[in-house]
Amino acid sequence: MVSFLRPFKPLIDWVVTLILWTHFTLGFCIFFSPRYVWTWLRASDREAAFQRLNHRYFRSFFRLVRWITPGLSLRIDAEVRTVRSAVIVCNHLSYLDPILLISLFEKQKTIVKSVFFRVPIFGWVLRRSGYIPSKTGGDYTSLMIRNIETIREYLAAGGNLFIFPEGTRSRTGKLGPFNKGAFSIARYCRAPVVCLAIRHTDRLFIPGRFRFNTCIPNVLSVARIGSFDPDYGDPAFRLGDLIREIRALYERRQAQDSD
């Protein structure tokens with residue numbers, strides 16, 4: 001089927017892109033934004049309610065992605081969806097990665113580039129969802145401090161915090177340097193670290209391109225590749241050792257996937 005459509009690939013790329021971006025923008029404004037307003041007015045726990053709405057919105061987005069993209073399938077390991085009360089770290093290949101993870105977890109927080117908090121409507125949703133700005137300065141400082149201070153209770157109540165320790169997308173598929181922020185938060189919260197691996201989102205939405213890449217065999221996958229529950233109170237514990245051990249895990253996984 002995909003090979004039959006290959007001559008029409010440029011057209012299908014544009015059609016799929018138009019449908020998905022229309023759903024992402026106008027679909028949100030028309031169908032989902034009234035739910036956020038209603039939730040803000042009525043919900044007793046606005047943050048949890050906004051996170052549920054984010055989860056449902058992006059789940060609908062990826063359902064549409066799967067339906068209309070020739071050659072594409074999704075494979076999510078069952079044990080990924082069962083992760084609770086953890087700091088989740090993941091490799092980063094595409095702008096699709098964070099919204100894919102939001103679509104998998106009903107209770108989720110993450111660190112978002114501070115510039116997005118200034119985007120009309122979107123920034124309001126980010127703030128109400130309890131997401132954390134990536135940089136301090138101005139009103140971002142108080143927002144970051146407030147959310148970090150409550151993250152321990154949030155994790156204990158079953159929520160997840162997911163972070164991409166590379167900080168930005170990989171343009172080559174290889175791991176970039178790891179920032180220690182995610183691991184410092186895990187230590188602060190005395191939380192386990194769960195490692196997820198995303199594959200092939202960069203084949204669907206290639207970094208630097210506006211169009212979605214369709215009509216090729218492609219499997220978007222998310223796998224749980226390991227977990228760590230350090231004894232943070234142990235005098236022998238070293239954050240650097242934990243980071244190196246987790247990075248080595250990802251490097252082994254990448255080598256295995258490339259075989």
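Which element gives the largest share of the lining of the largest pocket? The legends below take up this point among others. The model is predicted: local features need pLDDT of at least 70, side-chain atom pairs count only at pLDDT 80 or more, and totals for chains, interfaces and linings use all residues. Residues are numbered from 1 along each chain as its sequence is written, and side-chain values use heavy atoms, with hydrogens and water left out.

Figure 1. Helix 2 covers residues 9-42. Helices (H or I, at least four residues) and strands (E, at least two) are DSSP runs, numbered from the N terminus. Its 34 residues, at 1.5 Å a residue, should span 50 Å, and the end C-alpha atoms of helix 2 are 46 Å apart, which agrees; the expected span is 1.5 Å times one less than the number of residues. Centred on F28 is a kink of about 55°, the bend at a residue being the angle between axes fitted to the seven residues ending there and the seven starting there. I19 is also placed in helix 2 and is partly exposed, with a relative accessible area of 35% (buried means under 20%, exposed over 50%, partly exposed in between; 1.4 Å probe, protein chains only). Between the C-alpha atoms of I19 and I216, 197 residues apart along the chain, the separation is 18 Å.

**Figure 2. The largest pocket.** The volume of the largest pocket is about 1400 Å³. On a 1 Å grid over the protein atoms alone, a pocket is an open set of points where a 1.4 Å probe fits, with protein on both sides within 12 Å along at least five of seven lines; lining residues have an atom within 4 Å of a point. Grid points are joined across faces, edges and corners, and the volume is the space filled by probe spheres set on the points. Of the 47 lining residues, Y95, P98, V112, F116 and F122 lie nearest the centre of the largest pocket. Two or more lining residues come from each of helix 2, helix 3 (46-68), helix 4 (96-104), strand 3 (108-112), helix 5 (122-128) and helix 7 (181-189). Helix 2 supplies the largest share, seven residues. By class, the lining has 32 nonpolar, eleven polar and four charged residues (Ala, Val, Leu, Ile, Met, Phe, Trp, Tyr, Cys and Pro count as nonpolar, Asp, Glu, Lys and Arg as charged, and the others, Gly among them, as polar).

**Figure 3. The second largest pocket.** This pocket holds about 280 Å³ of space. It is lined by 15 residues, and L93, G173, R199, Q254 and D257 lie nearest its centre. Strand 6 (193-199) and helix 9 (239-258) each give two or more residues to the lining, with helix 9 giving the most, five residues. The lining divides into five nonpolar, six polar and four charged residues.

Figure 4. Zero disulfides are found in a search of the whole structure, a disulfide being a pair of cysteine sulfur atoms within 2.5 Å. For C195, the nearest cysteine sulfur is that of C90, 9.3 Å away. C195 counts as buried, at 0% relative accessibility, whereas C29 is partly exposed at 42%. Most residues other than glycine have a negative phi. Phi of C215, however, is near 65°; C215 lies in the loop between helix 8 (201-204) and strand 7 (218-228) and is buried, with a relative accessible area of 0%. Phi of I121 is near 70°, also a positive value. I121 is found in the loop between strand 3 and helix 5 and is partly exposed at 49%.
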